[in-house]
Amino acid sequence: MTAAIEVDDVTVHYGDVLALDRVSLSLEPGRICGLLGMNGSGKSTLFKTVLGLVPTDRGRVRVLGRDGLAARRAGLVGYVPQSEQVDWAFPVRVRDVVMMGRYGHMGGRRRARAADREAVDRALARTDLTDLADRQIGALSGGQRKRAFVARAIAQNADVLLLDEPFAGVDKRSEATIVELLLELRRAGRTLLVSTHDLAQVPTLCDEAILLQRRVIAHGPPEKVLEPDTLLEAFGMHPGEENSWTR
Ligand SMILES: Nc1ncnc2c1ncn2[C@@H]1O[C@H](COP(=O)(O)OP(=O)(O)OP(=O)(O)O)[C@@H](O)[C@H]1O
Ligand SMILES: [Mg+2]
């Protein structure tokens with residue numbers, strides 16, 4: 001079986017900063033994998049590497065058997081970026097952001113057809129954004145913006161989805177909506193790699209988890225990866241040592 005995502009011995013530097021150190025991992029299709037690690041551990045870099053957005057010093061990435069850039073161009077992989085990494089001043093409406101998910105389905109002239117508009121309307125409805133569809137993306141709250149990017153990923157209908165902290169800053173209701181959507185996508189056979197700092201959520205949402213600290217410290221069933229000794233290695237502290245542990 002072709003892996004959904006395959007990262008083989010990848011190292012990434014930003015100048016002198018070593019962000020990923022000989023990372024290897026393989027995800028089977030139809031799974032939700034949690035990506036865990038401290039701030040600066042390389043999670044966002046790993047997403048960008050899979051998408052072919054940052055150059056690697058060594059190693060190889062495959063998404064459904066293709067290199068990351070080719071998979072992205074073919075619309076096989078969708079991406080919900082971390083909020084901090086989006087230019088919110090960019091003058092587009094929510095509806096336009098979601099429509100970007102359909103570009104891979106359109107021809108070179110990017111003319112939206114009825115099927116594209118229907119997919120966008122459906123995705124907006126699923127993320128409770130119908131009433132906000134004509135607002136500028138920069139005029140939404142943080143949680144609403146997050147939902148707009150989840151809507152874009154849904155409209156895209158990609159086989160592989162990369163979600164960089166989709167739950168950061170969203171309220172409980174939006175979180176529940178997003179969780180429900182992710183589980184539905186998995187039931188439809190999609191593969192999801194989801195970074196989160198909410199460790200408490202991982203056992204219910206994820207089939208497996210990866211603990212990253214520049215390199216892969218652990219990869220396996222959530223209860224294994226969340227064992228205290230493993231967490232100690234990645235975070236330098238035991239759960240319970242601090243009340244904010246699961247935030
Ligand atoms: N554009 C950049 N230029 C230089 N260094 C960078 C750049 N982007 C990230 N880094 C560095 O690379 C390392 C990994 O960063 P990355 O954003 O991948 O971490 P992360 O796990 O996503 O963190 P967070 O939980 O805060 O989102 C960090 O040391 C960071 O400072
Ligand atoms: Mg990040």
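**A tour of ligand 1 and the magnesium site**

Begin by selecting helix H1, which, with three residues, gives the most to the shell around ligand 1; helices here are DSSP runs of H or I with at least four residues, strands are E runs of at least two, and both are numbered from the N terminus. This is a predicted model, in which local features need pLDDT of at least 70 and side-chain atom pairs count only at pLDDT 80 or more, while totals for chains, interfaces and linings use all residues. Residues are numbered from 1 along each chain as its sequence is written, chains are lettered from A and ligands numbered from 1 in the order written, and side-chain values use heavy atoms, with hydrogens and water left out.

Next, select the 14 residues around ligand 1, of which Gly40, Lys43, Ser44, Thr45 and Gln82 come nearest (near means a heavy atom within 4 Å). Zoom in on the side chain of threonine 45, where an N or O atom is 2.5 Å from an oxygen atom of ligand 1, and then on glycine 40, whose backbone N or O atom lies 2.8 Å from a ligand 1 oxygen.

Now select ligand 2, the magnesium ion, which is coordinated at 2.1 Å by Ser44 (OG) and Gln82 (OE1); donors are N, O and S atoms within 2.8 Å of the metal (3.2 Å for Na, K and Ca), and the site may look incomplete because water is not among the atoms. Serine 44 sits in helix H1 and glutamine 82 in the loop between strand S5 (77-80) and helix H3 (94-100), 38 residues apart.

Technical notes: Polar contact = N/O pair within 3.5 Å; in protein donor to acceptor, adjacent residues only side chain to side chain.
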